[in-house]
Amino acid sequence: MEYGNQKQYSALSEQGGNLQPPPQRRNLPPARFKDHRSRRGSCCGCLCWCCCFLLLFLIILGAIACYFIFVYKPQVPSYSVDKLAISTFEFSASDLTLSVKLVATVTADNPNTMIGITYGSGSRVVVMYQNTPLCSGKLPSFYQGHQNKTVMQITMEGRHGYDSRLQQALQENQQSGSVPTDIYVSVPVSLKLGGIDLKQVTVNILCSLVVDSLQPNKQASIRSTKYKVNVEF
Ligand SMILES: *[C@@H]1O[C@H](CO)[C@@H](O)[C@H](O)[C@H]1NC(C)=O
């Protein structure tokens, strides 16, 4: 077979790059024809095996997923920001900075009966207003067991520069009684299935919160919340 090909190539090169096969090679002998067909046949067989393996792989994957769902019954944990108590909210006209200190009360609910959640260290929570960070803090690092509801107090502090536009926008928002704020949470999380710890992933939560006001020594009342979650593997 290979020898035949070589012969064909040399025949071609002898013709000085003319790609027309010599007339006597146009009618291929039956033996060579058969050869071609058997090669295509083995290729089909290979493809078939690949398909079979792929199918088997998918079936196994599906079975594992089914097993996981039936045995562990995974449910998505839920989080809610319940309170936002502001202790400091001061514009300093002398150095154009805004000092903020607040405590957010967050409830984390793990409804799973067989899956525990470990919240790792290295988390970060930032409160933003009009794309300007107001204050930041971190979540406690802890293990949350099965069917556990934990209420956390997250203290956040910050001192950031501001411009007059921010102060004006805030004034307008407070007057209308709806101040849109964003809380960004980034936390490393790993799941524990039975006794097995799974790979740690980073969960990012964007909580868009509309509060009535941001004033010192006052608890902001939360008018609406919207959550967006993504997971980084
Ligand atoms: C929930 O988990 C936290 C943190 O591990 C723990 O302190 C608390 O006692 C648990 N609550 C219940 C009801 O088991």
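**Exercise 1.** At which residues does UniProt place the feature "transmembrane region"?

*Solution.* The unreviewed UniProt entry puts this feature at residues 46-70. UniProt positions follow the numbering used here, feature names are shortened, and annotations may be inferred rather than shown by experiment. In the model, residues 46-70 are 100% helix and 0% strand, with their end C-alpha atoms 36 Å apart. Helices (H or I, at least four residues) and strands (E, at least two) are DSSP runs, numbered from the N terminus.

The model is predicted: local features need pLDDT of at least 70, side-chain atom pairs count only at pLDDT 80 or more, and totals for chains, interfaces and linings use all residues. Residues are numbered from 1 along each chain as its sequence is written, and side-chain values use heavy atoms, with hydrogens and water left out.

**Exercise 2.** Describe the largest pocket and its lining.

*Solution.* Step one is the volume: the largest pocket holds about 770 Å³ of space. Its 36 lining residues include P77, Y79, V189, V203 and V229, the closest to the pocket centre. A pocket here is an open set of points on a 1 Å grid over the protein atoms alone where a 1.4 Å probe fits, with protein on both sides within 12 Å along at least five of seven lines; lining residues have an atom within 4 Å of a point. Points are joined across faces, edges and corners, and the volume is the space filled by probe spheres set on them.

Step two is the origin of the lining. Strands that each supply at least two residues include β1 (78-92), β7 (148-161) and β12 (222-232). β8 gives the most, with six residues.

Step three is composition: 30 nonpolar, five polar and one charged. Ala, Val, Leu, Ile, Met, Phe, Trp, Tyr, Cys and Pro count as nonpolar, Asp, Glu, Lys and Arg as charged, and the others, Gly among them, as polar.

**Exercise 3.** Trace the ring pairs that involve F91.

*Solution.* The structure holds six aromatic pairs. Rings of Phe, Tyr and Trp (its six-membered ring) pair if their centres lie within 6.5 Å; planes under 30 degrees apart count as stacked, over 60 as edge-to-face and the rest as tilted. F89 and F91 have ring centres 5.9 Å apart and planes at 80 degrees, so they are edge-to-face. F91 and Y162, at 4.7 Å and 70 degrees, are therefore edge-to-face too. This second pair links distant parts of the chain, 71 residues apart: F91 is in strand β1, Y162 in the loop between β7 and α4 (164-176).
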